[in-house]
Amino acid sequence: MAVKRIGVIGSGQLGRMMALAATHLDTEFVFFDEASESPCSNLGKSIQPSSDNALKAFIESVDVVTYESENTDATLVDDINQQVPVYPSSISLLKSQHRLTEKSFFQSIGIQTADFRKVESLADLTSAVEELGLPIILKTTREGYDGKGQAMIKEASDVEAAWQTLQGTELIAEAFVHFSRELSVIAARNVKGDVEIYPLAENDHSAGILRVSRVPVKALSEQKLTQARQYITTLLNELNHVGVLTLELFDTDSGLIANEMAPRVHNSGHWSIEGAYCSQFENHIRAICDMPLGSTSARQEYAAMINIIGKHGNQESVLKQENSFYHAYGKSERLNRKIGHINIVASNEAEIERTIKQYSAFVSECGE
Ligand SMILES: Nc1ncnc2c1ncn2[C@@H]1O[C@H](COP(=O)(O)OP(=O)(O)O)[C@@H](O)[C@H]1O
Ligand SMILES: [Mg+2]
């Protein structure tokens, strides 16, 4: 079998974990990114877009291309796709990188979302508050991550401040969803259209950043599980998506409400590296290389992932533990930066919770 040369637009931790997960399948990686030093530096060739003939050199050195971020330039994706396939296609990208487009798309295919309004002026925002009621969350339609580009409006008196903070770009006002917890569903679809869905994860956020994911989700009704599986399958097929796709969900009394999707591997799926038979990273590469998908089932009854944010913490304490796996991304410490994660697997819930507790310093050291 010939070596498959995979191009990745970007060179962050997601590209790094793709390369780490798939090199054993006779793949080679080329990263297309401006950074000269990156989490991917030692895992393949890097081409800087600003260098001479960079795009041509990138295209000539790969058989298939993927990307790490929903903010990837869709025009670039279409240009490259004229010569080598890029997965997921720009359709998945365009629907994911604009919150209004994304939520309208969800609703058009029967996926429940929060009520929302487009906001382009203070008058729009005032009407949105009247129509949706309070609280609402005002968000930029593009480029938000880790809760950035958002303002909560709890009372009428917060409207002006929220507007002052975010005005200047297109905005969306969303009704606040009163959820009991946040979940995510991740699935892979390959070139042939086969779909494999991971067990759902329950995700704890703090200050807008994911801290801990747990699998399986406790006491999830059959009905909600079916709803999540239907949502992600419909999305994958409607988008003709190839690769991994993630859908973030709010768990509410009236069912699961979709928050946002990401046309890529996702932080809440990092547990799958040791927790599933085939990780989200390997399955993403299998999917775009037209290989059969691997099993998404969990290897052990329980798994968890703890983000290492801001500071590296006591790595040794993790390496000593049989049930724990330390993943560093080759990034320096910086406030609120995701620089690694810890995966935990266990056969019982008590052990998972005990181990998460042992690592509480990692959860709280996160630069808050
Ligand atoms: N409509 C909403 N109702 C309640 N909470 C929300 C809503 N939208 C976002 N949030 C909270 O803010 C977090 C970040 O918002 P999200 O839309 O996922 O943006 P990001 O792109 O930053 O992840 C969510 O994980 C959730 O905790
Ligand atoms: Mg989110």
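This briefing covers the domains, the ligand shell, the sheets and the helices of one structure. The model is predicted. Its protein chain is divided into domain 1 (4–86), domain 2 (115–175) and domain 3 (181–364). Ligand 1 lies between domain 2 and domain 3, because both give residues to the shell around it.

**Domains and ligand**

- The C-alpha centres of domain 1 and domain 2 are 36 Å apart.
- There are 15 residues around ligand 1, and Ala-114, Gly-144, Glu-174, Phe-176 and Val-177 come nearest.
- Sorted by class, the shell around ligand 1 holds five nonpolar, five polar and five charged residues.

- Four strands in the order 3-2-1-4 make an open sheet, and their pairing is parallel.
- Strand 3 (45–47) and strand 4 (64–67) are at the edges; each has a single partner strand, so one side of each has no neighbour in the sheet.
- On average, neighbouring strands of this sheet are turned by 25° against each other, direction ignored.
- Strand 1 (residues 4–9) runs parallel to strand 4, and four bridges join the two.
- Within strand 4, Val-64 is the residue that stands opposite Ile-6.

- Five bridges link strand 6 (residues 136–140) with strand 8 (residues 171–175), and the two pair in the antiparallel sense.
- Leu-138 has Ala-173 in strand 8 as its bridge partner.

**Helices across the antiparallel sheet**

- Strand 9 (residues 181–189) and strand 11 (residues 201–206) run antiparallel and are joined by three bridges.
- Ser-184 has Ala-201 of strand 11 opposite it.
- Strand 11 also runs antiparallel to strand 12 (residues 209–215), with five bridges between them.
- Asp-204 has Val-212 in strand 12 as its bridge partner.
- Strand 11 and strand 12 form a hairpin with two residues between the strands, and Ala-207 takes a positive phi near 50° in this hairpin.

**Helix 1 against helix 10**

- The axes of helix 1 (residues 13–22) and helix 10 (residues 280–288) come within 8 Å and cross at roughly 80°.
- The two helices, helix 1 and helix 10, are therefore roughly perpendicular to each other.
- On the side of helix 1, the contact is made by Met-17, Met-18, Ala-21 and Ala-22.
- Helix 10 contributes Phe-281, Glu-282, His-284 and Ile-285 to the contact.
- By class, the residues of this contact between helix 1 and helix 10 are six nonpolar, one polar and one charged.

How values were computed
Residues numbered from 1 in each chain as written. Chains lettered and ligands numbered in written order. Predicted model: local features only at pLDDT ≥ 70, side-chain atom pairs only at ≥ 80, totals over all residues. Near = placed C-beta within 6 Å. Nonpolar A, V, L, I, M, F, W, Y, C, P; charged D, E, K, R; others polar. Domains from an automatic or database assignment. Pairing = 2+ DSSP bridges. Axes fitted to C-alpha atoms, helices over the stretch in contact; angles between N-to-C directions. Parallel < 35°, antiparallel > 145°, perpendicular 65-115°, else oblique. Contact = placed C-beta atoms within 7 Å.
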